[in-house]
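Look over the sequence and the model first. The report below covers a helix, a sheet and a surface patch.

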Amino acid sequence: MSLLSDLRNLNLSETTEKIIAEYIWIGGSGMDLRSKARTLNAPVTDPSKLPKWNYDGSSTGQAPGEDSEVILCPQAIFKDPFRRGNNILVMCDAYTPDGEPIPTNKRFNAEKIFSHPDVVAEEPWYGIEQEYTLLQKEVTWPIGWPVGGFPGPQGPYYCGIGADKAFGRDIVDSHYKACLYAGINISGVNGEVMPGQWEFQVGPVVGISAGDELWVARYILERITEIAGVVLSFDPKPIQGDWNGAGAHTNYSTKSMRSDGGFAVIKKAIEKLELKHKEHIAAYGEGNERRLTGKHETADINTFLWGVANRGASVRIGRDTEKAGKGYFEDRRPASNMDPYVVTSMIAETTILWQS
């Protein structure tokens, strides 16, 4: 095994300028990540200089067998924390051979919104709180939980320490450092309310980059859980009953919100979100109705509530923002399995471009 490890960790730069590029894309379910690797003759830092590639879309649920070729277009580059050196991870989106975005390519429309001059002028910042659950591989039950049974009730696990409270910290810390190495703007991690559930935060990140960075952070996390023999779940309510669900709270601000007088701009944006509540809920993740029940720090899915420091609201404003009269707000509705391209661009479109 030591030889295998040595070979896996070979430093290619000692003998060649060639590098390995791992192309990443989103599969047919909208949540499954796929990737494959290719050799490049020299290091590349600009995604526009990378070659396009293709894959068999009939094997990912994205194309028919008789016309299965799907084209990968590189969009963002990150350092590869697994191969290290000059090797890279490449976030791609997917197109037909005729250049049309395939239906599961949500990045294409998001990029159009973020490229709108009014949106560019507002410099939208995002901070996404990605919750997830670690499951035992053989029984799809949270790690640290007795098989077929339950741990003690919620209370001691949130930001808890100790072998009887924190399950999977080695995975969490490995992911944290790997994201920093990759160049992802990961800003923190913590244990969550339900045992076996954790959170990492990405941001602040501007515009389309929020989606790119969150997807690659998810990819890195699932690669690490693969190595650890643990299953990663983004189900918004993995365990029924008196247990917290998993969300992807999305913190948001614009240049106007961050400037003097921004609190009025924030309130106007929240009014727009209320008017578009049903449309946003429909796009905020599958199975979210199991999570947004009005319990466990959520607002009911059919009700829009906002408030200062209220974790039972749909949208929460922090005390610091209220005190400063400017800042940001938190949309607490998105589920853990949301598509960040969809959610971030939709918030920008509703609050900046839509005229109510």
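How far apart are the end C-alpha atoms of helix α7 (residues 262-275), and what span should its 14 residues have? This is a predicted model, and the values here are computed from it.

**Helix α7**

The end C-alpha atoms of α7 are 20 Å apart. At 1.5 Å a residue, the 14 residues should span 20 Å, so the two values agree. The expected span is 1.5 Å times one less than the number of residues. Part of this helix is covered. G262, F263 and I266 are among its buried residues. A269, I270, K272 and L273 are buried in α7 as well. Buried here means under 20% relative accessible area.

**The sheet**

An open sheet of 5 strands has mixed pairing. Its order is β2-β1-β5-β4-β3. β2 and β3 (53-56) stand at the edges. Each has a single partner strand, so one side of each lacks a neighbour in the sheet. From one strand to the next, the twist averages 40°.

**Strand β1 and its partners**

Strand β1 covers residues 19-26. Of its 8 residues, 7 are buried, so β1 is largely enclosed by the rest of the structure. β1 pairs with β2 in an antiparallel run and with β5 in a parallel run.

| Pair | Partner residues | Bridges | Direction |
|---|---|---|---|
| β1 and β2 | residues 33-40 | 8 bridges | antiparallel |
| β1 and β5 | residues 88-95 | 4 bridges | parallel |

I24 stands opposite S35 in β2. The bridge partner of I26 is L33, also in β2. On the β5 side, A21 stands opposite I88. In a regular strand, side chains alternate between the two faces of the sheet.

β1 and β2 form a hairpin with 6 residues between the strands. Within this hairpin, G30 takes a positive phi near 85°.

**The surface patch**

Which residues make the nonpolar surface patch of about 310 Å²? L3, L7 and L10 make it. L3 lies in helix α1, which covers residues 2-8. Why does L3 count as exposed? Its relative accessibility is 58%, and exposed means over 50%.

Terms used
Residues numbered from 1 in each chain as written. Predicted model: local features only at pLDDT ≥ 70, side-chain atom pairs only at ≥ 80, totals over all residues. Heavy atoms only, no water. Patch = residues over 30% accessible without salt bridge, like charges linked within 9 Å, V, L, I, M, F, W, Y side chains within 5 Å. Areas by Shrake-Rupley, 256 points an atom, 1.4 Å probe, with all protein chains shown as cover. Salt bridge = Lys/Arg side-chain N within 4 Å of Asp/Glu carboxyl O. Helix = DSSP H or I, 4+ residues; strand = E, 2+ residues; numbered from the N terminus. Buried < 20%, exposed > 50% of the residue type's maximum accessible area, 1.4 Å probe, protein only. Pairing = 2+ DSSP bridges. Axes fitted to C-alpha atoms, helices over the stretch in contact; angles between N-to-C directions.
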